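Thanks for coming. I will take one structure today and go through it piece by piece.

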Amino acid sequence: MYGRYGVDQFGNFLFVTYIIMAVLSLFFPFLSFICYGLIIYTLFRMLSKQYYKRRAENDWFLQKTEGIRKFFRRQQNKWKYRKTHKYLKCPHCHQYLRVPKGKGEITVTCPSCHQQFDQRT
């Protein structure tokens, strides 16, 4: 694999999509052609020596999926810190804020728009 591009986020996405399509092709046989295309393209990307093209494809993928990834990262953090922090949304600019729990009535200042609002934690 020396000199080859290898695996990145887009490659992982293509492979997971291939696995899902392969399972679905058991019930819908016409999907097997799509599965072949996905696995061939995934292997092509992994074995490619054109780093700049594969990196550009990965950057494009990351740019298009930024909103989805940000949503799931926020949900993961909410679950991880659910016992110690509360997540709020600024009523003015809709920025997400994290405040400590158990402090009673506090005045929260948004770091983006500097709007202040009261919140019970």
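Leaving aside its neighbours within four places in sequence, arginine 45 is in contact with Tyr5, Gly6, Asp8, Phe10, Gly11, Leu14, Arg54, Glu57 and Asn58. Please keep in mind that this is a predicted model. Arginine 45 is found in helix H2. Is arginine 45 buried or exposed? Arginine 45 has a relative accessible area of 1%, and because the cut-off for buried is under 20%, arginine 45 counts as buried.

Apart from neighbours within four places in sequence, threonine 42 touches Gly11, Leu14 and Phe15.

Isoleucine 39 also lies in helix H2. With neighbours within four places again left out, the contacts of isoleucine 39 are Phe15 and Tyr18. Isoleucine 39 and tyrosine 18 are 21 residues apart along the chain, and their C-alpha atoms are separated by 6.4 Å.

Now to helix H1. H1 runs over residues 9–25, which is 17 residues. From first C-alpha to last, H1 reaches 24 Å, close to the 24 Å expected at 1.5 Å a residue. Which residues of H1 are buried? They are Phe10, Gly11, Leu14, Met21 and Ser25. Looking down the axis of H1, these buried residues fall within an arc of 95°, so they line one face of the helix. What they pack against is H2 and helix H3, residues 51–64.

That brings in H3, and I will take its two helix contacts in turn.

Start with H1 and H3. Their axes come within 8 Å and cross at roughly 75°. An angle of 65 to 115 degrees counts as roughly perpendicular, so H1 is roughly perpendicular to H3. On the H1 side the contact involves Gln9, Phe10 and Phe13, and on the H3 side Glu57, Asn58, Phe61 and Leu62. By class, the residues of this contact divide into four nonpolar, two polar and one charged.

Next, H2 and H3. These two pack at an angle of about 125°, with their axes 9 Å apart. H2 and H3 are therefore oblique to each other. Here Tyr41, Phe44 and Arg45 in H2 meet Arg54, Glu57 and Asn58 in H3. This contact has two nonpolar, one polar and three charged residues. Arg45 is the arginine I opened with, and Arg54, Glu57 and Asn58 are among its contacts.

Last, the loops, where two histidines deserve a comment on backbone angles. Most residues other than glycine have a negative phi. Histidine 94 has a positive phi of about 65° although it is not a glycine. Where is histidine 94 found? Histidine 94 sits in the loop between strand S1, residues 85–89, and strand S2, residues 96–100.

Histidine 114 likewise is not a glycine, and its phi is positive, at about 60°. The loop that holds histidine 114 lies between strand S3 (105–109) and strand S4 (116–120). Is histidine 114 buried or exposed? Its relative accessibility is 59%, and since the cut-off for exposed is over 50%, histidine 114 counts as exposed.

Definitions and conventions:
Residues numbered from 1 in each chain as written. Predicted model: local features only at pLDDT ≥ 70, side-chain atom pairs only at ≥ 80, totals over all residues. Heavy atoms only, no water. Contact = heavy atoms within 4.5 Å. Helix = DSSP H or I, 4+ residues; strand = E, 2+ residues; numbered from the N terminus. Expected span 1.5 Å × (residues − 1). Buried < 20%, exposed > 50% of the residue type's maximum accessible area, 1.4 Å probe, protein only. Arc of directions from axis to C-beta. Axes fitted to C-alpha atoms, helices over the stretch in contact; angles between N-to-C directions. Parallel < 35°, antiparallel > 145°, perpendicular 65-115°, else oblique. Nonpolar A, V, L, I, M, F, W, Y, C, P; charged D, E, K, R; others polar.
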